[in-house]
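Biologist: I would like to go through this structure with you, one question at a time. Where shall we begin?

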Amino acid sequence: MPAQKITIEYNDKVVRQFLLATVLWGAVGMLVGVLIASQLNFFQLNFSTAWLTFGRLRPLHTNAVIFAFVGNMMFAGIYYSTQRLVKARLASDFLSQVHFWGWQLIIVAAAITLPLGLTRGKEYAELIWPINLAVVLIWVVFAVNFFWTLARRREPALYVAIWFYIATIITVAMLYIVNHLSIPTSLLHSYGVFGGVQDGLVQWWYGHNAVAFFLTTPILGIMYYFLPKAAGRPVYSYRLSVVHFWSLVFVYIWAGPHHLLNTALPGWLQNLGMTFSLMLWAPSWGGMLNGLLTLRGAWDKLRTDPVLKFFAAGVTFYGMATFEGPLLSIKSVNALGHYTDWIIGHVHAGALGWNGFMAAGMIYWLLPRLWNKPLHSTSLANLHFWIGTVGILLYVAAMWTSGITQGLMLNATTEGGTVLAYPNFLDTLNTIRPMMLMRVIGGGLYLTGWIVLAYNVVRTLSGAQAVNGTIEVVEEAPAPETKMGLAETFLNAPTLFCVLSVGFGTMWMVGADLVSTAGLVGLVVSLVALYALIPSRHELWNGWYEKLLLNALPFTLLTFVAVAAGGLIQIVPTVLAQKAQNVEDRIQVPYTPLELAGRDIYVREGCYNCHSQMIRTLVPDVLRYGPYSRLGESIYDHPFQWGSKRTGPDLARVGGKYPDVWHIRHMENPRSISVGSNMPNYPWLLANNLDVSTLPAKIRVQRMLGVPYPAWSAQDIFDSVGAQSRTISRDLRLAGAYVAPEKEVIALVAYLQTLGKSVPVAPKPAPAATR
């Protein structure tokens, strides 16, 4: 059959929908961010109202920015660029619409449930189980639509942007499913299957790599498509993009444990996380340089083109954030910065500078092409850039200053390191208040810039006509097949050298004595052999890789293996090792039914957003809070509550430190106990009755998860709750602060008073010597 030309009309309707949703949800997420930043300065802005408190709105802010703002931006960029890179319309208009509307419904459901206190209590993973099922379903719809489109492509080879999209789809699916494995106790509540250190490791394996594979890899793919288009220049280095992709997707997945340095996490995992985090400097900066050097010959355009301004600044912020991340993973630096505002500044340099500016640049570039009308005002776009830049710089500088000040004060000691220089936690809080206010100003400026963008979008769309892109392609006879089987995909020199290097490297890092030495020798031999073979084999290996790019399925499988390896090596040993017989010198006492109910209230109110429950193995932590936390002291915690920020003091050993009446007064009005506190009032806890009807189902699930509860009947549980709550209520009456035993605050006090309670465990006998 002779070749014939056909015209393909792209499905840009769904791109327009996701783009407009990006503008809307971006404004919502930033507005909530400014509100909660203001609440940290002015506690009155919590309005003594449950669904407006910082603890409930902070998860709304993070989920809105990550999944609503960046998520919609990512989908718009992927759908627009993929169709053009593969020269094919999206496979299914129906799936595209299911994807868009399903994602918006998920966002709305999150916006309703999170302020209501319906949460799983894990950062970036707060959504309750029915919404999680919806997320997985819509992600599958997205994946099917994407890979179906790849299967219908008219461009044989996969461009670099497609590589990053593939890595995003498969890795986010893996991370999300594993971290959200739960057993429901009701329609709106569940307990995760992991607990204690297991949960901490899995959570930050997910939490760190959610940043990597939701906020980074898809945006890098967008960078590799839109930046060359906007600059009118080819990507600086194809070879660098190959190294960038494979090293990033492999190394990133190992770095999660750096969120848990100096904690009860096993030392080998901490060292593994720190080492791989430092290795991230190379691929991250390789990608940044590849992006910036793509602008060679086009730097003069930055003076007048706001799109290139946003892209260039966004890539620069990416480089800054990916330099700072490995820096913060060094144990000594982490001891200073962790739990402080420095981490907040680091996160927002990436979110506002990298994600926000790349989103703005993409929106300004797409608007004229999707609506066939010039941008309403280039001057307003330039104004947006400068307002946003000043806002980011004020925000990040304030958080750097605040975080370092906070870390230095909390870690300061006198008398030869035996006495805290600032024993009152509130001293640090009052010192950093000016910087916290500067954050509000910086965030407010950034929000103002986004409102300028929204105005520019509205004016551009006024009277505009939506258009879909088209392309003429020549339908030719199918080219000879170049299929790649599994054997050719995995049983080849490049793959085998990678496997050997990882295997020997892991032996070297986590093994002991002979195993470690053997690993080091094997790693050196593997790398020397690889280096020696490159001159004679590089053409053969290049041919293998070019063939791999013609085969989407083998490429996807190889990518999955690369990202799954690190997770398996970290998580499987920890899951197998965290048993009651493997703890150190003490083990947690299971919560009574009333204490478990109080813990669920603690999670519902988002207390983990401001309070940690993990005393690090650092002298200042021990002097301030008591003996460092052991692995066994949170073994039955579902979810774990180690926390990542200390706006207030650590609570791991607060049990018994204060009388019950102190906690009642503190929840009613924190400033009556702690002058200068910015904690909200919680009057509803003293007014609302505790719902005990859900406790039998909750304890049944806890038993399924391995918590050693006896086989209580429902009446046994209710009797236990009644007896303990009446005891606390009676003690409060004697202290002059009567609260009825059925109130929620009684359960919360019971939980707080049990924190730090454990029983000693006899040391395990040393293994018998072999003869």
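**Cavities, pocket and local geometry**

Modeller: Let us begin with the second largest cavity, whose lining has six nonpolar, six polar and five charged residues. Bear in mind that this is a predicted model.

Biologist: Now the largest pocket. Which helix gives the largest share of its lining?

Modeller: The pocket has a volume of about 1600 Å³, and 37 residues line it. H8, H9, H18, H19 and H20 each supply at least two of the lining residues. The largest share is eleven residues, and it comes from H18.

Biologist: Which domains each give at least three residues to the lining of the largest pocket?

Modeller: Trp-246, Ser-247, Pro-494, Cys-498 and Leu-530 lie nearest the centre of the pocket. At least three lining residues come from each of domain 1 (10-470) and domain 2 (493-576).

Biologist: How many residues in the lining of the largest pocket are nonpolar?

Modeller: Eight of the lining residues are polar and two are charged. The nonpolar ones number 27.

Biologist: Which residue has a side-chain oxygen within 2.9 Å of the backbone nitrogen of Val-307?

Modeller: This contact is at the start of H11. The oxygen belongs to the side chain of Asp-305.

Biologist: Is Arg-646 buried or exposed?

Modeller: Arg-646 sits in the loop between H22 and H23. Its side chain makes a polar contact of 3.1 Å with that of Asp-621. Its relative accessibility is 2%, and the cut-off for burial is under 20%, so Arg-646 is buried.

Biologist: What kind of peptide bond joins His-638 and Pro-639?

Modeller: Pro-639 is also placed in the loop between H22 and H23. Most peptide bonds are trans. Here omega is about 0°, and the bond between His-638 and Pro-639 is cis.

Biologist: Tyr-124 is not a glycine. What is its phi?

Modeller: Tyr-124 lies in the loop between H3 and H4. It is buried, with a relative accessible area of 13%. Most residues other than glycine have a negative phi. Tyr-124 has a positive phi of about 65°.

Biologist: And Glu-415: buried or exposed?

Modeller: Glu-415 lies in the loop between strands E4 and E5. Glu-415 is not a glycine either, and its phi is positive, at about 55°. Its relative accessibility is 61%, and the cut-off for exposure is over 50%, so Glu-415 is exposed.

Biologist: Last one. What distance separates the C-alpha atoms of Ser-96 and Val-661?

Modeller: Ser-96 lies in H3 and is buried, with a relative accessible area of 0%. Along the chain, Ser-96 and Val-661 are 565 residues apart. Their C-alpha atoms are separated by 57 Å.

Conventions. Residues are numbered from 1 along each chain as its sequence is written. This is a predicted model: local features need pLDDT of at least 70, side-chain atom pairs count only at pLDDT 80 or more; totals for chains, interfaces and linings use all residues. Side-chain values use heavy atoms; hydrogens and water are left out. On a 1 Å grid over the protein atoms alone, a cavity is a set of points where a 1.4 Å probe fits but cannot get out, and a pocket is an open set with protein on both sides within 12 Å along at least five of seven lines; lining residues have an atom within 4 Å of a point. Grid points are joined across faces, edges and corners, and a volume is the space filled by probe spheres set on the points. Helices (H or I, at least four residues) and strands (E, at least two) are DSSP runs, numbered from the N terminus. Ala, Val, Leu, Ile, Met, Phe, Trp, Tyr, Cys and Pro count as nonpolar, Asp, Glu, Lys and Arg as charged, and the others, Gly among them, as polar. Domain bounds come from an automatic or database domain assignment. A polar contact is a pair of N or O atoms within 3.5 Å; within protein, one must be able to donate a hydrogen and the other to accept it, and residues adjacent in sequence count only if both atoms are side-chain atoms. Buried means under 20% relative accessible area, exposed over 50%, partly exposed in between (1.4 Å probe, protein chains only).
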